[in-house]
Amino acid sequence: MSLRLALAALLTAIALPAQAQNYPTQPIRIISGFPAGTTADISARVVGAKIGEILKGQVVVENRPGAASSIAGAQVARADKDGYTLYIGSAANVINAAQNPNLTFDFMKDFTPIALMTSTPTVLVVSQELGVKSVKELIAAAKAKPGAISFGSSGVASSTHLALELFKSLAGVNIQHVPYTGSPQVVTDLLAGRLQGYFSPASTVMGHVRAGKLIALGTTDPKRTTILPDLPTMIEAGVPDCVSVLWFGLVAPSGTPQAVIDRLSKAANEALKSEDVAKALQSSSVARHGGSPEDFRKHIEAENKRWTKVIADAGLKK
């Protein structure tokens, strides 16, 4: 190595820690690929605001919905690798990657994990008219009349669709899938009796459950959640391995300095432990997580493996 290159490398090594120590010196943008009011948006705004307080800087959330968050993902993957443009990664990203090999970015390679932030339980709800009160009764009804029961989803290969496909495979039942373009339309038809069930984000349906308009049979979380402590998991209800979590985490473009990643991760974890963040998320049926960048990486890898198999088994790969 020439003296000039060695000197440049030394200066870079000195500059990176200094950059992280002074970070941020300008507003941090968090790009969400989902509309305002969704769990992803709530998570970004609540946790992002607290991160801004901790880092003594400004955090701005921008919504760029479309293509199951892939439009926003492609934008951030090409952004400067300086820690000022971040992205809300989610279960949708690993699902999209498993289904469509022709995306313009690779979520597993083009992003560096910062921290797993939040999740919301997926709840199996059915209409009052179906007349079942448990997962066991639902399975029995579906086996008695194969294809007669219809479940909605927020779109083909969406997380709500894949939760249904996973359940069908594990329970050995034939349930008709009816895809929609979003959760509101599914719930409207479910309440009107045009559908019999839905694997729904908790925040979308629990108001109707509490009002007695829908019946909640269980959640697809691996264990009972503090958000819905009285509702059994699908595992407890007799369907082992029926786990489907809607999770959201903070990631940065790959190549972002590790010192900046570490500073952001520390701030995110501190934010998630604060009482005001806990209260704000709890009111929206959102659970908190946290952990190191490596913890989040392992979570993403496990999710990628799970949904790649489900998509292949259901014949949904493009």
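The model is a predicted one, in which local features need pLDDT of at least 70 and side-chain atom pairs count only at pLDDT 80 or more, while totals for chains, interfaces and linings use all residues. Residues are numbered from 1 along each chain as its sequence is written, and side-chain values use heavy atoms, with hydrogens and water left out.

Some terms come first. Helices (H or I, at least four residues) and strands (E, at least two) are DSSP runs, numbered from the N terminus. Two strands pair if DSSP finds at least two bridges between them. Strands of a sheet pair through backbone hydrogen bonds, either parallel or antiparallel.

Strand S5 (residues 122-127) runs antiparallel to strand S8 (residues 197-201), and 5 bridges join them. Leu124 has Phe199 in S8 as its bridge partner.

Gly147 is placed in the loop between helix H6 (135-144) and S6. Its relative accessibility is 27%, so Gly147 counts as partly exposed; buried means under 20% relative accessible area, exposed over 50%, and partly exposed in between (1.4 Å probe, protein chains only). Leaving aside neighbours within four places in sequence, Gly147 is in contact with Asn174 and Gln176, where contact means heavy atoms within 4.5 Å. Gly147 and Tyr87 are 60 residues apart in sequence, and their C-alpha atoms are 40 Å apart in space.

**The sheet with S1 to S4, S10 and S11**

Another open sheet has 6 strands in the order S2-S1-S3-S10-S4-S11, with mixed pairing. Strand S2 (59-63) and strand S11 (287-288) are its edge strands, and each pairs on one side only. Helix H2 (residues 39-55) packs on this sheet, where it touches S1, S2, strand S3 (85-90), strand S4 (111-120) and strand S10 (246-253). The direction of H2 makes about 165° with that of S2.

| Strands | Sense | Bridges |
|---|---|---|
| S1 and S2 | parallel | 5 bridges |
| S4 and S10 | antiparallel | 8 bridges |
| S4 and S11 | antiparallel | 2 bridges |

Ser32 lies in strand S1, and its bridge partner in S2 is Asn63. With a relative accessible area of 0%, Ser32 is buried. Not counting residues up to four places away in sequence, Ser32 touches several residues, among them Ala40, Asp41, Pro65 and Ile88.

In S4, 10 of the 10 residues are buried, so the strand is largely enclosed by the rest of the structure. Phe111 stands opposite Pro253 in S10, and Ser119 has Ala287 in S11 as its bridge partner.

**Aromatic pairs**

A pair of aromatic rings is described by the distance of the centres and the angle of the planes. Rings of Phe, Tyr and Trp (its six-membered ring) pair if their centres lie within 6.5 Å; planes under 30 degrees apart count as stacked, over 60 as edge-to-face and the rest as tilted. By this rule there are 8 aromatic pairs.

The rings of Phe151 and Phe199 have centres 5.9 Å apart and planes at 40°, so this pair is tilted. Phe151 lies in strand S6 and Phe199 in strand S8, so the pair ties together parts that are 48 residues apart in sequence. Phe151 counts as buried at 0% relative accessibility, and Phe199 counts as buried at 0%.

Trp247 and Phe296 form an edge-to-face pair, with 5.8 Å centre to centre and 90° between the planes. Trp247 lies in strand S10 and Phe296 in helix H12 (residues 293-314), so this pair ties together parts that are 49 residues apart in sequence. Trp247 is buried with a relative accessible area of 1%, and Phe296 is buried with 1%. Ring pairs also link Tyr87, Phe105, Phe107 and Phe111 into a cluster.

Definitions and conventions
Axes are lines fitted to C-alpha atoms, for helices over the stretch in contact, and angles run from 0 to 180 degrees between N-to-C directions.
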